[in-house]
Amino acid sequence: MNAVRYYSRSGNTKLVADAIAQAIGTTAISVDQADAKITQSIDTLFVGGALYAYGSDKHLKKYLNELDAKNVKKAVLFSTSWISKHSLDLMRKQLEEKGIKVVPETFYVKNKASQAQLEQAKEFAKQCL
């Protein structure tokens with residue numbers, strides 16, 4: 001079983017999350033939704049967020065803090081932003097501190113994802129399973 005969780009203020013990260021979810025046959029769920037909690041074992045958790053004031057959004061931070069490491073075999077990170085890829089580092093650090101394995105490969109889009117980049121996100125997701 002696989003899952004996609006994300007937080008998006010502008011909708012850019014949501015575009016990528018939805019593409020990844022479509023590729024792996026699931027639904028992307030925003031971390032601020034009631035059904036975002038992982039309550040059973042997940043083989044691969046795709047997690048996405050962007051950079052806000054050079055940090056992670058409080059909703060994403062809280063979600064990652066509350067994530068139960070025993071339910072996640074591995075995590076795959078993705079991000080969109082206007083400035084830098086630093087959000088990937090922040091998410092990686094937070095997950096690894098919880099004892100969750102994070103694969104080295106990430107997916108990043110600067111600005112809004114084009115249709116070609118959304119197709120690349122789908123391929124990336126399939127390769128990460």
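Select Phe107 and Phe124: their ring centres lie 5.6 Å apart and their planes meet at 35°, so the pair is tilted. (Rings of Phe, Tyr and Trp, the last by its six-membered ring, pair if their centres lie within 6.5 Å; planes under 30 degrees apart count as stacked, over 60 as edge-to-face and the rest as tilted.) Phe107 sits in strand 5 and Phe124 in helix 4 (residues 115-128), 17 residues apart, linking distant parts of the chain. (Helices, H or I with at least four residues, and strands, E with at least two, are DSSP runs numbered from the N terminus.)

A word on what you see: this is a predicted model, where local features need pLDDT of at least 70 and side-chain atom pairs 80 or more, while totals for chains, interfaces and linings use all residues. Residues are numbered from 1 along each chain as its sequence is written, and side-chain values use heavy atoms, without hydrogens or water.

Next, colour the strands. What is the order of the five strands in the open sheet? The order is 2-1-3-4-5, with parallel pairing. (Two strands pair if DSSP finds at least two bridges between them.) Strand 2 (28-30) and strand 5 (102-110) are at the edges, each with a single partner strand, so one side of each has no neighbour in the sheet.

Now select strand 3 (residues 42-48) and strand 4 (residues 72-81), which pair in the parallel sense over six bridges. Look for Leu45, which stands opposite Ala75 in strand 4.
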